[in-house]
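This report describes a single protein chain through its core, one of its helices and its charged side chains. The sequence and structure are shown below.

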Amino acid sequence: MTEPSIREQVKAYYETKLRTHGPTPAGVDWKSRESQELRFAQFERLWQGGPEASILDYGCGYGALASFLRARGHRGAYVGFDLSEAMVGMARTQASRLPGCWFTSRRADVRRCDYAIASGLFNVKQDVNDAEWKPFVEETVRDLASLASRGFGFNALTVYSDEDRRRPDLYYADALYWFDYCKRTYGHAALLHDYPLWEFTVIARRHP
């Protein structure tokens, strides 16, 4: 399957979730707001102590990160990008009272920010096999990194999950591979694998 085809499949999947569940964690395929925000909290190490930093939310869904950031005192520009026009429209509505937030479904219009993050983007592969999904993840991580001037982060389900509980439509990534990739490619990186979800987060900073 080609990368454009994968992206169209991903877009259709999440638009179905949004139609079914609306602007809620279930609308972006999360089980709860608590787990959604626990994932967001892992990324805060990137901009900790920098409330004016600009942040790109790559695969923003209905804009939940924007509300999370503003509730925690973040004041910098927020840019939300999602392939789905429906998601972006909902995000604009949800964030209409939040200052400094901007959304787009056009990759060409995405602004480079201090930091860029992707939360949950790589989990649901549906019927795409791992051999095709991994290059899609790699290309997306490269694109994410290209849009961040100071650092970026992403999360994924972990290959350390119990084998008998894994789902065939989900992608379980090798945390050590992705840490090594980011460390060798971008310099300063950290692997966060100690929070109580069957996943991991990688954060990377640009060399000074």
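Apart from residues up to four places away in sequence, Phe-152 touches Leu-46, Ala-116, Val-141, Leu-144, Ala-145, Cys-182, Tyr-186, Val-202, Ile-203 and Ala-204, a contact being heavy atoms within 4.5 Å. The model is predicted: local features need pLDDT of at least 70 and side-chain atom pairs count only at pLDDT 80 or more, while totals for chains, interfaces and linings use all residues. Residues are numbered from 1 along each chain as its sequence is written, and side-chain values use heavy atoms, with hydrogens and water left out.

Phe-152 is also among the residues with the most contacts inside the largest nonpolar core, together with Trp-47, Leu-56, Trp-133, Phe-154, Trp-178 and Cys-182; this core has 67 residues. Helix H5 (residues 130-146) gives the most to this core, namely six residues. A nonpolar core here is a set of buried Ala, Val, Leu, Ile, Met, Phe, Trp, Tyr and Cys residues joined through side-chain atoms within 4.5 Å. Buried denotes under 20% relative accessible area, exposed over 50%, and partly exposed the range in between (1.4 Å probe, protein chains only).

Helices (H or I, at least four residues) and strands (E, at least two) are DSSP runs, numbered from the N terminus. Helix H2 (residues 33-47) has 15 residues and should span 21 Å at 1.5 Å a residue; the 22 Å between its end C-alpha atoms agrees with this. The expected span is 1.5 Å times one less than the number of residues.

The buried residues of H2 are Ser-35, Gln-36, Arg-39, Phe-40, Gln-42, Phe-43, Glu-44, Leu-46 and Trp-47. Their cover includes H3 and the strands S1 (55-58), S4 (113-118), S5 (148-158), S7 (188-192) and S8 (199-205). Just after H2, Gly-49 adopts a positive phi of about 80°.

In the loop between helix H1 (3-21) and H2 lies Ala-26, which is partly exposed at 27% relative accessibility. Beyond its neighbours within four places in sequence, Ala-26 contacts Lys-17 and His-21.

## Salt bridges

Side chains of opposite charge can pair when their charged atoms come close. The structure holds twelve salt bridges, each defined as a side-chain nitrogen of Lys or Arg within 4 Å of a carboxyl oxygen of Asp or Glu. One of them joins Lys-11 and Glu-85 (3.0 Å, N to O). Because Lys-11 lies in helix H1 and Glu-85 in helix H4 (residues 85-94), this pair ties together parts that are 74 residues apart in sequence. Lys-11 is buried at 17% relative accessible area, whereas Glu-85 is partly exposed at 46%.

Within helix H2, Glu-37 and Arg-33 are four residues apart, about one helical turn; their closest N and O atoms are 3.0 Å apart in a salt bridge. Glu-37 is partly exposed at 26% relative accessible area, and Arg-33 is exposed at 55%.

## A buried arginine without a salt bridge

Arg-70 belongs to helix H3 (residues 64-71). This residue is buried yet has no salt bridge, and the nearest side chain of opposite charge, Glu-52, is 8.1 Å away. For charge, Lys and Arg count as positive and Asp and Glu as negative, with His and the chain ends not counted. A polar atom of the Arg-70 side chain lies 2.8 Å from the backbone oxygen of Gly-76.

Key:
A polar contact is a pair of N or O atoms within 3.5 Å; within protein, one must be able to donate a hydrogen and the other to accept it, and residues adjacent in sequence count only if both atoms are side-chain atoms.
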